[in-house]
Amino acid sequence: MLSDWHKETARKYNVYDEKDEIAKRSCFLINKNRELVYKNEQFVADKTEDYERVYEECKNLE
């Protein structure tokens, strides 16, 4: 989880909506080697499948 008050990270990951001045709900998994291993830039909070996919991807992290 990340709190991004100044929207710096949202801008770096290209999920910042300039028009509405908000970060798009997104999910990124970064491994211990600091490599991006999964991303969902249109994460839907009430969509069970989005959570399940993240859980599956987490199982692959070492």
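**Entry 1: K24 and ground rules**

Is K24 buried, partly exposed or exposed? I looked it up: K24 is partly exposed at 42% relative accessibility. My cut-offs for that are under 20% relative accessible area for buried, over 50% for exposed, and partly exposed in between, with a 1.4 Å probe and protein chains only.

Before going on, I note that this is a predicted model, where local features need pLDDT of at least 70 and side-chain atom pairs count only at pLDDT 80 or more, while totals for chains, interfaces and linings use all residues. Residues are numbered from 1 along each chain as its sequence is written, and side-chain values use heavy atoms, with hydrogens and water left out.

Back to K24, which I found in the loop between β2 (22–23) and β3. Helices (H or I, at least four residues) and strands (E, at least two) are DSSP runs here, numbered from the N terminus. I then listed the contacts of K24, meaning heavy atoms within 4.5 Å. Setting aside neighbours within four places in sequence, K24 is in contact with V15, D17 and E41.

**Entry 2: helix α2**

I went to α2 next, residues 48–59. This helix has 12 residues and reaches 17 Å from its first C-alpha to its last, close to the 16 Å expected at 1.5 Å a residue. The expected span is 1.5 Å times one less than the number of residues.

Which residues of α2 are buried? I got D50, V54 and E57. They sit on the same side of α2, because they cover an arc of only 65° around the axis. That arc is taken over the directions from the helix axis to the C-beta atoms. For background, an α-helix has 3.6 residues a turn, so residues three or four places apart point the same way.

On the face turned away from the buried side of α2, I found the exposed residues Y55 and K59. The buried residues of α2 pack against β3 (27–30) and β4 (36–40).

I took a second look at E57, as a charged residue in that buried set. E57 has a relative accessible area of 17%, so by my cut-off it is buried. Beyond four places in sequence, E57 touches L29, V37 and Y38.

**Entry 3: core and cysteines**

What makes up the largest nonpolar core? It has 5 residues: C27, L29, Y38, F43 and V54. I count as a core a set of buried Ala, Val, Leu, Ile, Met, Phe, Trp, Tyr and Cys residues joined through side-chain atoms within 4.5 Å. In soluble globular proteins, nonpolar side chains tend to be buried together.

I listed the neighbours of L29 too, again leaving out residues up to four places away in sequence: L29 touches E35, L36, V37, Y38, V54, E57 and C58.

How many disulfides are there? My search of the whole structure came back with 0, using cysteine sulfur atoms within 2.5 Å as the test. For C27, the nearest cysteine sulfur is that of C58, 7.2 Å away. C58 is in no disulfide either. C27 is buried at 14% relative accessibility, while C58 is partly exposed at 34%.

**Entry 4: aromatic pairs**

I searched for rings of Phe, Tyr and Trp (its six-membered ring) with centres within 6.5 Å; planes under 30 degrees apart count as stacked, over 60 as edge-to-face and the rest as tilted. The count comes to 2 aromatic pairs.

Y13 and F28 make a tilted pair, 4.6 Å centre to centre with 50° between the planes. Y13 lies in the loop between α1 (8–12) and β1 (16–17) and F28 in strand β3, so the pair ties together parts that are 15 residues apart in sequence. I have Y13 as partly exposed at 28%, and F28 as partly exposed at 22%.

F43 and Y51 are edge-to-face, because their ring centres are 4.9 Å apart and their planes are at 85°. F43 is buried at 13%, whereas Y51 is partly exposed at 32%.

**Entry 5: positive phi**

Most residues other than glycine have a negative phi, and most peptide bonds are trans. N14 has a positive phi, near 60°. I placed N14 in the loop between α1 and β1, where it is exposed at 61%. E21 also has a positive phi, near 55°. E21 lies in the loop between β1 and β2 and is exposed at 56%.
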